[in-house]
Amino acid sequence: MTAPRAPKGTYDLLPDEAAARDAVVAVAARVFAAFGYRRVVTPEFEETGLFARGVGEATDIVRKEMYTFEDKGGRSLTLRPEGTAPICRAYLEHGLHKWPQPVKLWYYCPMFRYERPQAGRYREHYQLGAEAIGSAESMVDAEVILLLAQLFAELGVGGLRLAVNSMGDPACRPAYVARLREHLRGREAELCGDCRERLELNPLRTFDCKVESCRAVLDDAPHLVDHLCGDCREHFDRVLALLRRAGLEPELDPRLVRGLDYYTRTTFEFSSDRLGAQSGVGGGGRYDGLIEQLGGPSTPGVGWGAGLERIGLAMGETDAAAAAPQVYVVSFAGDEREAAFALAQRLRAAGVRTELDLAARSPKGQLKQAGRSGAAWAVLLGLDDLAAGAVRLRRLDGGGEEDVALEAAVERLARLAGEAS
RNA sequence: GUGGAGGUAGCUCAGUCGGUAGAGCUCCAGGUUGUGGCCCUGGCGGUCGCGGGUUCGAAUCCCGUCCUUCACCCCA
């Protein structure tokens with residue numbers, strides 16, 4: 001079997017599926033606009049160092065999931081594995097700190113991660129995302145979360161729950177991490193091998209572990225939310241209050257430690273019970289240290305990403321009906337085919353959705369296609385009983401015919417099609 | 001990287017105890033010396049994922065391999 005296939009973890013969207021995708025993105029564009037977010041487009045690949053520095057050397061993404069390659073000039077480049085670092089890079093590169101803050105942006109683009117595919121997980125997947133950069137106000141955290149909630153509501157994404165947590169900031173996290181590490185060291189014998197590594201690299205990640213014995217240790221572990229500094233505590237409480245006031249019911253989840261190193265303070269994740277094991281449909285958080293980490297001035301930011309494939313799964317399949325042609329041009333005589341072709345072009349130029357046979361079908365075959373295409377009208381050329389220079393318009397949905405001069409057909413059909421729509 | 005399940009026509013699948021491959025849908029044509037969706041008939045379409053082994057004979061049994069899929073890790 002040498003026939004080429006789509007690479008592992010990638011997929012094609014055939015027209016019906018692409019139309020469904022377009023419909024989702026169109027809803028998103030409208031919701032983003034309502035919240036004052038404007039779309040940005042960044043490159044599909046970046047310098048590898050952007051992700052290594054921005055996302056964190058210790059993360060799975062950087063350690064084992066990046067599509068990294070060297071170009072012919074010897075540069076190390078990486079296909080974008082996540083959306084936030086590139087946008088922060090663009091914010092810095094173009095001096096967006098001079099715009100009114102916060103700068104509110106959204107994106108829709110593919111992400112690339114080398115992982116084993118499974119339900120709702122791909123090596124190339126599409127994300128919709130929002131970033132609000134330049135304000136540390138708790139209201140911004142609440143706004144981006146409410147934006148995502150409204151998007152899900154308008155799309156009909158169901159079975160949702162919202163988990164939130166706070167990761168603290170440089171004032172309180174180091175002390176907490178030390179405390180956690182101490183707790184884990186005390187019971188290291190009960191931890192799995194992975195967690196013993198995490199203990200050294202990043203103890204917070206042990207909260208992700210599902211191994212029974214580790215969970216027992218972590219159930220007794222101190223939680224970061226209980227050890228936040230005053231500023232972080234106040235920020236978190238305000239975010240929660242704003243969300244509740246807006247009608248959301250955020251569930252505190254001390255275990256919600258997302259796998260990207262740049263998060264500070266608020267983290268959140270929407271999950272849906274309509275998905276498989278990969279139940280997260282959208283999530284994000286605040287990243288007040290990221291831009292500084294990239295070499296810029298200290299600049300706060302908050303945002304999220306949401307997977308289009310998972311949104312599709314959680315919405316249920318919605319079949320987007322193709323826009324049927326309004327007119328189908330049929331030629332009954334072989335020497336009328338060019339006239340039919342010309343007529344179709346004139347109809348299209350007049351804004352009428354028009355199809356005609358491009359496969360040399362018999363007249364019967366053409367009518368069959370016309371019927372199946374969903375067109376409301378067929379234009380018949382080349383019938384023996386037609387007057388010279390005339391064509392016949394036939395209603396396909398109820399019957400009924402009228403003959404008109406070829407020259408008048410475009411105007412007549414444009415009018416009929418306009419009435420029908 | 002690890003584990004489970006599965007690869008037969010473009011799609012969805014059947015194929016008995018090993019005997020040399022079928023159905024439905026789609027597509028095309030005819031039924032209707034030129035008027036459609038339904039219906040009827042016919043046609044197109046398969047190295048049974050690939051390689052090796054057992055056998056007189058393999059889609060079927062064995063081994064390997066690739067791919068798909070679900071799950072772990074982690075994320076969208």
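This is a predicted model: local features need pLDDT of at least 70, side-chain atom pairs count only at pLDDT 80 or more; totals for chains, interfaces and linings use all residues.
Trainee: How many residues does α6 have, and how far does it reach?

Mentor: Helix α6 runs over residues 173–186, which makes 14 residues, and from its first C-alpha to its last it reaches 20 Å, close to the 20 Å expected at 1.5 Å a residue.

Trainee: You mentioned α8. Where does C214 lie, and is it buried or exposed?

Mentor: C214 lies in helix α8, and its relative accessible area of 0% means that it is buried, since buried is defined as under 20%.

Trainee: Which residues is C214 in contact with, leaving aside neighbours within four places in sequence?

Mentor: With those neighbours set aside, C214 is in contact with E190, L191, C192, C195 and C209.

Trainee: And how far apart are C214 and P325?

Mentor: In sequence C214 and P325 are 111 residues apart, and in space they are 61 Å apart, taken from C-alpha to C-alpha.

Trainee: Back to β9, then. Which way do β7 and β9 run, and how many bridges join them?

Mentor: Strands β7 and β9 run antiparallel and are joined by 7 bridges; for example, R161 has S271 in β9 as its bridge partner.

Trainee: What about R265, what is its phi?

Mentor: R265 has a phi near 55°, which is a positive value in a residue other than glycine. R265 is also found in strand β9, and at 13% relative accessibility it counts as buried.

Trainee: Where does A360 lie, and is it buried or exposed?

Mentor: A360 lies in the loop between β13 (354–356) and α13 (363–373), and at 65% relative accessibility it counts as exposed. Its phi is positive too, at about 55°, although A360 is not a glycine.

Trainee: Let me go back to β7. How many of its residues are buried?

Mentor: In strand β7 (residues 160–166), 5 of the 7 residues are buried, so the strand is largely enclosed by the rest of the structure. Besides the pairing with β9, 2 bridges join β7 to strand β8 (residues 251–252), and these two run parallel; in that pairing, A163 has E251 as its bridge partner.

Trainee: Changing topic: in what order do the 3 strands of the open sheet stand?

Mentor: The order is β2-β4-β3, with antiparallel pairing. Strands β2 (45–47) and β3 (68–70) stand at the edges, each having a single partner strand, so one side of each is left without a neighbour in the sheet. From one strand to the next, the twist averages 35°.

Trainee: Which helix packs on that sheet?

Mentor: That is helix α2 (residues 48–55), which touches β2, β3 and β4, and whose direction makes about 75° with that of β2.

Trainee: How many bridges join β2 to β4?

Mentor: There are 3 bridges between β2 and strand β4 (residues 76–79), which run antiparallel, and within that pairing E47 has L77 as its bridge partner in β4.

Trainee: Which residues does the cis peptide bond join?

Mentor: The cis peptide bond joins Q101 and P102, with an omega of about -5°, and P102 is found in the loop between α4 (84–93) and β5 (103–112).

Trainee: Last one: what does the model score?

Mentor: The model scores ipTM 0.87 and pTM 0.91, while chain A averages a pLDDT of 91, with 98% of the residues scoring at least 70.

Technical notes
Residues are numbered from 1 along each chain as its sequence is written. Chains are lettered from A and ligands numbered from 1 in the order in which they are written. Side-chain values use heavy atoms; hydrogens and water are left out. Two strands pair if DSSP finds at least two bridges between them. Helices (H or I, at least four residues) and strands (E, at least two) are DSSP runs, numbered from the N terminus. Axes are lines fitted to C-alpha atoms, for helices over the stretch in contact, and angles run from 0 to 180 degrees between N-to-C directions. Contact means heavy atoms within 4.5 Å. The expected span of a helix is 1.5 Å times one less than its number of residues. pLDDT is the predictor's confidence in each residue, from 0 to 100. Buried means under 20% relative accessible area, exposed over 50%, partly exposed in between (1.4 Å probe, protein chains only).
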